[in-house]
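Good morning, colleagues. Please have the sequence and the coordinates open while I speak.

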Amino acid sequence: MLEYTEKIRETARKLLEEGKVDVFIGYKKGSVPMMNQPVLISNADQVDFLYWDSNCGLNLCNYLTGRTDRIGIVANGCNSRNIVTHITENQIKRDQLYIVGIPCKGMIDHRAVQRAVKQKEILEIKEQGDIFTVKGKDFEETFNIKDYLQRNCLVCTHRNPVISDEMIAPPVEEQIEVDAYKDVKEIEEMDPDKKWEFFTRAIDKCIRCYACRNACPLCYCPTCFVDESKPQWVGKSNDSIDTMTFHILRAYHCAGRCTDCGACERVCPVGIPIRQFTKKLNKDAQELFSWEAGLTLDQRPLLDVFRPDDYNDFIR
Amino acid sequence: MTKKIYTKKEWMEVLKGLADTYKIFVPVRDGDFHTFKALDETKIPDFDFKNTQLSPKSLVYPQSERMFEYTLDENAPDANIIKESKKDYSPQAIVGIRPCDAHAFQIVKPNFDNPEYQDPWWIQRYESTTFVGLGCNDPGSTCFCTSVGGGPFSEKGLDVLLYDLGDTFLAKALTDKGETFLEKAQGGKEADEKAINAGEGLAAGAADKIEVRVHTDKLKDKVQTELFDAPFWDDVAFACINCGICTYLCPTCWCFDIQDEMVGKQGDRIRNWDSCMFPLFTLHGSGHNPRSKKVQRVRQRFMHKLKYYVDKHNNGVQCSGCGRCVRNCPANIDIRQICELMNVEC
């Protein structure tokens, strides 16, 4: 996807020069391999900072919350769905945004690449079409990007933006017949004790740094429930019950809203499979309500509507 | 001071033998990362690592520590009396700690142990700990210990320094505590000149491998308010998501929060690590928050490490150059670049 870089720069330059936007939000090449940095530019002479490759893992929708200016923003499939969610949840207005759509082929799972080179230090990564090469002090290895995608990207069925003002390239082919919930089904089949053990083990390394929450574009509450002190809902120590309360409650707050962008899992410094908390809810939303988050501006969020003609008996 | 040499196989046995004297913490491979764990039959020490994902600071300064306990049960004879909780200060040894992380304990020491204030729990656990360092033959690309007063074989804050000579470890005692440790470390033999020279050669070569140079020389002479009002903070802070990764992974971040937790009428007073990245960190009881904006919190982190600490202690920056925040910041906020921004001549 490296080839998108030049087009993103051109588009941003045009938008800023013509005064169609006040600022442009994209990514800049990071100072360490596989870690690009979100960047905001407000001047056409800064467009050369902009960069795009398969290491743009943070969700840019995060940076829109509460802004009042006119913003140009790059958005791939999942980021665009979060922008839709942001608009329907009144966190940003559609007419403030100029969305530059990115047909996405998926992001590289940096931890999987580290594993593939046996945790040796990667000093450089070069992307070329569908392959990438990593170099270290005494090694150089080339891989297919599709074999090292983030787990959420492997099962993504919305690679193309659902909303945009301009596309940077023709749409990419969507993945069909992916079994998006294979992992969830495995957990569903466990008995309650096993399930509890699965999730208890999953969080036993959690250090309560809240990177998962803060990387999540859905977590924009001015005061998160874990930060409430009057009354205090959750203890602040690393006691496992408080930690579990945080993870489970946060997941429920994302029910019907999560786009499985994978930012939470990507940023976790101790490797917790955080998507397992939200994915079951995504599956339920799809099975019970035929709902996928952020596909269109025409629908209210799943859990803030009541319809007398709802097709589910239990809700009538 | 004693200098001994152990084959690596022998060293593993030595550690097991020390279990009667010390609680031994060693780096253990756990999934994608290494982490310090207490040695027992189920743990295999792995000294072939760059550094642990989490710093060993929690072994002296736990993430959550029960300070006091009390009962509010009026029928209890000690109702409403706060009492210090029992703590374990039995001797422990951190074996394989990297020199940057040992140096970090020296950097935080003036905070917990100074003429004005002594933190009894930090001090007692620090004093019950023997720091057995492992020099870095092959420092990482994000390491910059040599820019901040350390080095891949720095002896600062260590009681013993280990040199990895391939099939053997050369162990050099540096303090009385270290002498005691090596005395109890049964086996090994006295190091010959060849081994000592090999160790010194390694150390000299390793320092040269650190190409990154971060400049801190002008920080001291800067005017605090000018740095505070510097024009770059908005750009620096933009990408930050205000999570606690940098502060919690940092071996030199020391801030904590004190909380009371009750179950029924039994209460505990606990201190937990806290992070200047969190809005709650500075939220006043009145509801006012002097650092309500992200840019203020990001600025605080770097001003504290690279300016306030420098001014207050006159002993360099509050950073040991371990590079954890550089490697793990999800938004790629790189302290090396920010330090350069702060250090440029006005």
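In chain B, of the contacts with a separation of 6 or more, 70% join residues 24 or more positions apart; two residues are in contact if their C-beta atoms, placed from the backbone, lie within 7 Å. This is a predicted model, in which local features need pLDDT of at least 70 and side-chain atom pairs pLDDT 80 or more, whereas totals for chains, interfaces and linings use all residues. Residues are numbered from 1 along each chain as its sequence is written, and chains are lettered from A and ligands numbered from 1 in the order in which they are written.

Chain B contains 11 helices and 12 strands, taken as DSSP runs numbered from the N terminus (helices: H or I, at least four residues; strands: E, at least two). Four of the strands form an open antiparallel sheet, ordered β5-β4-β12-β11, where pairing requires at least two DSSP bridges. Strands β5 (83-84) and β11 (256-263) of chain B each have a single partner, so one side of each lacks a neighbour in the sheet. Within this sheet, Glu69(B) stands opposite Lys83(B) of β5(B).

Finally, 31 residues of chain A are in contact with 34 residues of chain B.
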